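Please read this report with the sequence and the model side by side.

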Amino acid sequence: MDKLLITGGRRLSGEIAISGAKNAALPILCAGLLTAEPVALSNLPHLQDVSTMLRLLRQMGLQVEQQDDRCTLQGNAIDKLEAPYELVKTMRASILVLGPLLARFGEARVSLPGGCAIGSRPVEQHIKGLQAMGAEIKIEAGYIHAKAKRLKGARIVTDMITVTGTENLLMAATLADGETVLENAAREPEVTDLAKLLVAMGARIEGIGSDRLLIQGVAALHGAAHAIIADRIETGTFLCAVAAAGGDVTLQNTRSDILDAVLDKLREAGVILTSGSGWVRAQMASRPKAVSFRTTEYPGFPTDMQAQFMALNAIAAGTSRVTETIFENRFMHVQELNRLGAAIDIEGHTAIVHGVEQLVGAPVMATDLRASASLVIAGLAAQGETLIDRIYHLDRGYDRMEVKLSAVGADIKRVQ
Ligand code: EPU
């Protein structure tokens with residue numbers, strides 16, 4: 001199993017190109033199921049989760065042609081309306097095939113995702129929404145069996161804001177009979193990116209970017225071309241790395257306007273940030289200052305940046321409070337950061353981070369995707385060697401992170 005070996009203490013300097021967003025790519029690939037015509041995508045990131053999603057879609061009969069960061073999907077021969085447990089258990093986002101399959105083919109069989117490292121993560125809102133649209137849904141032997149001759153438009157108010165729930169229902173509603181209103185919709189830029197592709201495919205959607213999406217169902221969608229939005233979480237992760245290790249790095253092929261909450265906190269921490277069309281530059285010459293924050297839905301501080309920012313707070317001057325409000329168990333990185341010398345206590349959903357002058361390298365274990373990224377950031381700032389085990393978590397959602405970091409001067413390598 002691969003590990004990452006990092007020797008900390010190097011300043012970072014240079015440029016990094018940001019990849020397409022994982023959490024936009026996954027629903028967008030599933031949107032390929034909604035039409036028989038070709039959907040051409042560019043800026044597709046090289047990630048394990050993207051490969052897993054393509055494997056699942058190919059199994060269903062979707063044709064996929066892939067070259068570098070481009071791929072073309074064609075769904076004119078879909079013959080298997082099922083997402084098996086073996087794939088869903090490795091990637092919860094597989095649930096995103098449910099809405100498109102049901103809407104276009106009137107049937108779907110999708111394994112229920114189990115719990116995961118960051119929380120229980122049920123999908124009852126996806127199911128409730130599809131039922132409101134007239135689907136008959138049974139849960140049997142761990143699978144969701146859904147049927148509907150044709151989904152009907154409905155007014156759906158989800159109990160909480162759910163990103164993939166909004167995406168699933170949005171995709172389903174594009175082909176439903178009549179008007180669907182999604183209230184309490186997620187406003188994440190990845191939802192907006194999916195909606196833009198759907199509109200290019202002929203969907204009729206109003207309120208894009210707001211918490212109320214209004215969809216007039218159409219009889220069929222057609223092919224389209226779309227460039228996947230930049231990964232704001234990869235961008236934020238590298239900015240935290242520069243803030244922790246020190247240096248001067250410009251991130252290219254990205255957007256600063258979808259990362260305001262994180263940029264504000266980085267400025268508070270003492271990072272000098274400048275940005276322009278398609279780039280963000282971070283300069284850091286001092287020890288970071290401790291910064292408290294709470295995670296919330298977009299446009300608030302993203303839960304997917306909590307662990308990385310905590311690594312920064314771990315070496316900051318002062319004490320900070322980090323409150324996680326989205327997932328109940330997303331502090332698995334705390335114990336590992338403490339193994340590197342951090343001084344973090346957990347009180348319920350809040351981590352109290354007492355900044356220390358210096359972390360010291362040690363062997364640590366990644367527990368989930370963003371926790372892995374926080375250990376990389378801590379390792380870059382620590383004295384000596386940090387060996388991170390179980391980096392398959394990192395490969396799920398970061399496009400060759402060690403290659404990008406080496407290019408700006410980090411001492412980081414993949415070892416067996
Ligand atoms: N929830 C329910 N019932 C539902 C749906 C959600 O109780 O039917 C709860 C969840 O358990 C959670 C909260 O609602 O407590 C929000 O969950 P949400 O559904 O928004 O999360 P998700 O759609 O499963 C996506 C991202 C996550 C990201 C969250 C929150 C994708 C593929 N995944 O997950 O990304 O953390 O939104 O922004 O888009 C990551 O990239 O590391 C990652 C975990």
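## The second largest pocket

Sorted by class, the residues that line the second largest pocket comprise eight nonpolar, four polar and four charged ones. The model discussed here is a predicted one, and in it this pocket holds about 260 Å³ of space. Its lining is made up of 16 residues, and those that lie nearest the centre of the pocket are A244, A245, G246, I315 and A381.

## Two cavities

Rolling a probe the size of a water molecule over the atoms shows where empty space is left. When the whole structure is searched, two cavities of 30 Å³ or more are found.

The largest cavity, with a volume of about 50 Å³, is lined by A21, K22, N23, E190, D231, R232, I233, D304 and R370. The classes represented in this lining are two nonpolar, one polar and six charged residues, and at least two residues of the lining come from each of α1 and α8.

The second largest cavity has a volume of about 30 Å³, and the residues that line it are I156, T158, T166, L169, L182, E183 and A185. Four of these lining residues are nonpolar, two are polar and one is charged. Both α6 (163-174) and β11 (179-183) supply at least two residues of the lining of this second largest cavity.

In soluble globular proteins, nonpolar side chains tend to be buried together. In this model the largest nonpolar core has 75 residues, and the ones with the most contacts inside it are L29, V97, L130, L151 and L198. Helix α1, which covers residues 22-31, gives the most to this core, with seven residues. Apart from it lies another core, which has 70 residues and includes A241, F309, L375 and V376.

Which residues does L130 touch, if residues up to four places away in sequence are not counted? They are L98, L102, A135, I137, L151, L169 and A172. L130 belongs to helix α5 (residues 124-132), where Q125, H126, I127, G129 and L130 are buried.

After α5 comes G134, a residue whose phi is positive, near 100°.

## Salt bridges

Side chains of opposite charge can pair when their charged atoms come close. The structure holds 20 salt bridges, and several of them are described here.

One of the salt bridges joins the side chains of R232 and E190, with 2.8 Å from N to O. This pair links distant parts of the chain, since R232 is in helix α8 and E190 is in helix α7 (residues 189-200), 42 residues apart. Both R232 and E190 are buried, and both are also found in the lining of the largest cavity.

Another salt bridge is formed by the side chains of D389 and K3, at 4.0 Å from N to O. Here too distant parts of the chain are linked, with D389 in strand β23 (residues 385-389) and K3 in strand β1 (residues 3-7), 386 residues apart. Are D389 and K3 buried or partly exposed? D389 counts as partly exposed because its relative accessibility is 22%, and K3 is partly exposed because its relative accessible area is 23%.

The side chains of D399 and R400 also meet in a salt bridge, at 2.8 Å from N to O. D399 is buried because its relative accessible area is 3%, whereas R400, with a relative accessible area of 43%, is partly exposed. Finally, D2, D395, E402 and R414 are linked in a network of salt bridges.

How values were computed. Residues numbered from 1 in each chain as written. Predicted model: local features only at pLDDT ≥ 70, side-chain atom pairs only at ≥ 80, totals over all residues. Heavy atoms only, no water. 1 Å grid on protein atoms, 1.4 Å probe; cavity = no way out; pocket = protein on both sides within 12 Å on 5 of 7 lines; lining within 4 Å. Points joined across faces, edges and corners; volume = space filled by probe spheres on them. Nonpolar A, V, L, I, M, F, W, Y, C, P; charged D, E, K, R; others polar. Core = buried A, V, L, I, M, F, W, Y, C linked by side-chain atoms within 4.5 Å. Buried < 20%, exposed > 50% of the residue type's maximum accessible area, 1.4 Å probe, protein only. Helix = DSSP H or I, 4+ residues; strand = E, 2+ residues; numbered from the N terminus. Contact = heavy atoms within 4.5 Å.
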